[in-house]
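Welcome! Take a moment to look over the sequence and the model below, and then let us walk through some parts of the structure together.

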Amino acid sequence: MAGDQTTTVLEVAGVHWASEKATVERVLGRRPGVLGVEANPVGQTATVTYDPTRTSVADLTAWIRDCGYHCAGQSVPRHVCDPAAEPHGGDDHGGHRPTADAGGGDHGQAPHAGHEMGLGGHGGMTPQDAMGHGGHHAGMSTDDMARDMRNRFLVAALLSVPILLWSPIGREVLGFTAPAPFGLRDDVFSLLLSLPVVFWSAWIFFDGAWRALRAKTLDMMVLVAVAVGAGWLYSLVITLTGGGEVFYEAATVLTAFVLLGHWFEMRARGGANDAIRTLLELAPPRAVVLRDGQLVEVPTAEVVVGDLLLVRPGAKIPVDGVVEDGDSEVDESMVTGESLPVHKAPGDAVIGASVNTTGTLRVRATKVGADTALAQIVQLVQEAQNSKAPGQRLADRAAFWLVLVALIGGGLTLAVWLLVGAVFATAMLFAITVVVITCPDALGLATPTVIMVGTGLGARRGVLFKNATALETAAQIDTVVMDKTGTLTKGEPEVTDVVVDGMVAEDVLALAAAVERESEHPLAAAVAAHAESLGVPVLTATGFRNVPGHGAAAEVVGHRVLVGNARLMADEGVDLGTLGARRDELAGSGRTAVLVAVDGRAAGVIALADAPRETSAAAVTALHEAGVEVVVLSGDNEATARRIAGQLGINRVIAEVLPGDKAAKITELQQSGRRVAMVGDGVNDAPALAQADLGIAIGAGTDVAIETADVVLMRSDPLDVPTALTIGRGTLRKMRQNLGWAIGYNAIALPIAAGVFEPAFGLVLRPEIAALSMSGSSFLVAVNALLLKRLRLPAPEAPAATAATATAPQPVSR
């Protein structure tokens with residue numbers, strides 16, 4: 001049932017090759033209750049959608065271990081959340097209990113003695129586990145796995161040197177003449193030296209191939225295992241039957257080059273995961289909690305809803321909460337991307353992992369564990385990184401068939417060369433080269449690495465893409481429709497003009513502010529705030545009387561002051577005189593005009609409007625420079641909407657649109673051939689966000705809008721709209737470059753490896769060179785993805801320029 005679905009991101013550690021993700025996806029995809037799996041070899045995670053009534057995180061964790069990989073549960077900030085817990089506080093579903101056995105054995109075994117089980121405690125490991133990634137590699141970080149790959153490479157490289165020297169190549173090509181030690185034959189000596197290479201350095205290939213075949217799939221491990229195994233076993237047979245031409249040097253040098261290339265590739269891939277690692281480490285590991293009147297320091301994961309936390313200056317706020325006591329400036333930049341500290345006072349919400357800078361706060365915990373904003377951001381970013389762009393789904397299918405083509409091609413190459421009269425050793429050489437060079441690892445890495453970098457780049461700027469499709473769609477947008485109130489504007493009224501007649505402006509403002517301080521109306525608060533910002537005298541009002549729908553009246557320092565609309569003035573018998581025309585002029589220009597009368601005489605007009613956000617003009621300029629048309633979509637009247645559009649440099653306005661008709665307007669734009677992004681923040685924007693090709697929600701908006709959108713702007717900054725589109729375009733460009741390289745490489749390399757050009761041009765590739773080019777291809781794909789970090793993103797204008805664009809805010813209604 002559609003309603004019985006839960007999505008979680010699980011740890012899958014030990015996935016070294018891009019094509020290995022098929023093993024996880026196929027094994028989990030066949031399990032009961034699993035509805036969808038998307039594995040990410042770069043992030044070492046998998047997004048799993050499942051039916052919580054039929055399976056659980058504990059079962060999924062055990063099944064991943066059955067594949068030979070390490071999994072402690074969900075990929076979450078460990079010191080904030082329990083990895084083995086069910087998402088959203090799910091129960092145990094019939095007694096499922098998380099286990100942490102090292103090898104994916106019996107699920108009912110005793111809980112772990114720790115994930116730290118090392119070489120000295122293999123438990124129920126198979127020999128393959130102990131020698132390959134299923135064993136002591138379990139739980140390794142990406143850096144640890146890269147170091148292990150390096151160590152395996154060094155062993156293979158060091159032993160390959162003497163093997164190469166005492167091989168036919170060393171004797172015939174390099175002119176090496178020294179006899180083998182201890183009176184051994186060259187091939188016997190090479191056999192002995194090759195044993196550590198094959199049974200340790202190269203064992204990860206055989207282990208991975210076994211896991212892939214057990215999962216009924218084909219991946220790169222199968223190809224390398226076939227190539228190394230075939231060359232070494234053929235040589236072994238020749239050695240044991242009396243000697244002849246052998247390929248020990250081909251097997252060992254091939255192993256060394258593959259390990260070298262993937263060591264470099266893994267280091268490059270590690271850089272692609274910087275953003276998520278930073279997020280996972282943001283929250284503090286411990287929190288100071290006030291319990292029974294005593295301050296107690298506890299692990300952050302043990303904080304519960306309702307706990308009162310003490311947060312000292314300079315400390316990180318452990319979990320989401322509400323300030324109960326204290327005032328301070330809080331730096332939220334690492335979570336929301338907001339560069340300036342935000343003032344917090346009692347009643348204000350605070351975000352876990354943000355930094356308290358100046359004062360001491362007492363914070364009541366409202367959200368803990370997986371419910372915190374940080375944990376949800378981590379999950380959102382990981383789900384986006386694990387999701388597949390449409391192009392990657394095709395590449396994944398192609399990678400599977402490419403492995404099959406390589407195996408069949410290797411067999412055909414062997415057969416054809418034997419048929420044309422070549423010796424078996426030559427035919428075997430060409431066959432091994434075909435199998436090695438056709439490896440689809442570059443194809444498998446082509447887009448996941450780019451998506452990792454792109455989503456990470458967005459996360460640093462507070463732009464959260466929900467999936468890879470959103471990234472790809474962002475690159476194709478040519479029209480951005482922006483809701484006006486709350487998106488282009490702050491949604492808060494500000495005073496823009498004070499016009500007086502017969503009195504000093506400061507005096508009129510001081511009298512009006514005294515009355516407005518007694519009112520709860522948003523316009524009244526704006527007048528009072530403006531007076532305070534100008535430093536006018538603070539007067540006291542008495543006898544305050546609210547006139548619903550019209551305004552208010554009070555006595556202020558002996559004067560009877562009226563503040564309100566024209567109807568109030570008419571009811572009170574106040575003649576507006578020349579101020580009447582000014583009031584009509586301001587109202588006609590789209591501002592809200594508030595009249596002020598003192599002792600029965602019109603004294604002034606205060607004009608208010610909804611102020612644009614400081615970066616709205618810069619955002620529109622950046623979109624125009626990118627060739628994107630900007631459209632204002634508003635429920636206000638035409639004149640009002642056009643005023644704000646003109647102020648920000650927007651040419652197209654769709655005004656007087658009812659909330660229910662916004663989606664229809666988006667459809668009209670799409671039918672005219674436009675690729676449309678909708679930017680909004682309210683419940684009334686949700687249908688339009690869903691209808692648009694790309695829905696972008698302002699982070700300060702409603703939950704409905706955020707849930708419906710494809711992209712969330714954490715900072716509520718319009719400038720992040722062109723940032724999102726720029727990241728999308730850069731990401732798609734890198735995807736195409738990588739896919740083009742991976743496909744082109746295989747198209748060119750395969751015929752060369754098969755020896756097609758050998759008769760005419762003498763062009764031959766040995767397996768070692770094929771391995772180097774194959775590994776180099778994967779490395780180049782990873783490095784090209786990392787170059788996305790250099791993408792130039794829109795930057796805010798200088799403060800002076802920005803302020804100049806916000807001098808004439810747009811009107812609101814009273």
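A residue is called buried when its relative accessible area is under 20%, exposed when it is over 50%, and partly exposed in between, using a 1.4 Å probe and protein chains only. The model is a predicted one, in which local features need pLDDT of at least 70 and side-chain atom pairs count only at pLDDT 80 or more, while totals for chains, interfaces and linings use all residues. Residues are numbered from 1 along each chain as its sequence is written, and side-chain values use heavy atoms, leaving out hydrogens and water.

Let us begin with the whole protein. Its secondary structure comes to 31 helices and 25 strands; these are DSSP runs numbered from the N terminus, helices being H or I with at least four residues and strands being E with at least two. Of the 814 residues in the protein, 55% are buried. Contact here means heavy atoms within 4.5 Å. Among contacts between residues at least 6 apart in sequence, 70% join residues at least 24 apart.

Glu656 sits in the loop between strand E22 (652–654) and helix H25 (662–671), and Glu656 counts as exposed because its relative accessibility is 53%. Val557 belongs to the loop between strand E17 (551–556) and strand E18 (559–564), and with 55% relative accessibility Val557 counts as exposed. What is the phi of each? Glu656 has a positive phi of about 55 degrees although it is not a glycine, and Val557, which is not a glycine, has a positive phi of about 40 degrees. As background, most residues other than glycine have a negative phi.

Now for two buried residues within helices. Arg65 is part of helix H2 (residues 57–66). Is Arg65 buried or exposed? Its relative accessible area is 2%, so Arg65 is buried. A polar atom of the Arg65 side chain lies 2.9 Å from the backbone oxygen of Cys71. A polar contact is a pair of N or O atoms within 3.5 Å; within protein, one must be able to donate a hydrogen and the other to accept it, and residues adjacent in sequence count only if both atoms are side-chain atoms. Thr413, in helix H13 (residues 390–419), is buried, with a relative accessible area of 8%. Leaving aside residues up to four places away in sequence, Thr413 touches Phe430, Ala431, Val434 and Ala754.

Finally, look at how helices meet. Axes are lines fitted to C-alpha atoms, for helices over the stretch in contact, and angles run from 0 to 180 degrees between N-to-C directions. Helix H7 (residues 203–214) and helix H8 (residues 220–240) have axes that come within 8 Å and cross at roughly 130 degrees. H7 and H8 are therefore oblique to each other; angles under 35 degrees count as roughly parallel, over 145 as roughly antiparallel, 65 to 115 as roughly perpendicular and the rest as oblique. The residues making the contact include Ile204, Phe205 and Phe206 of H7 and Met221 and Val222 of H8. By class, the contact of H7 with H8 has eleven nonpolar, two polar and no charged residues. Ala, Val, Leu, Ile, Met, Phe, Trp, Tyr, Cys and Pro count as nonpolar, Asp, Glu, Lys and Arg as charged, and the others, Gly among them, as polar.

Helix H19 (residues 505–516) and helix H20 (residues 522–534) have axes that come within 8 Å and cross at roughly 135 degrees, so H19 and H20 are oblique to each other.
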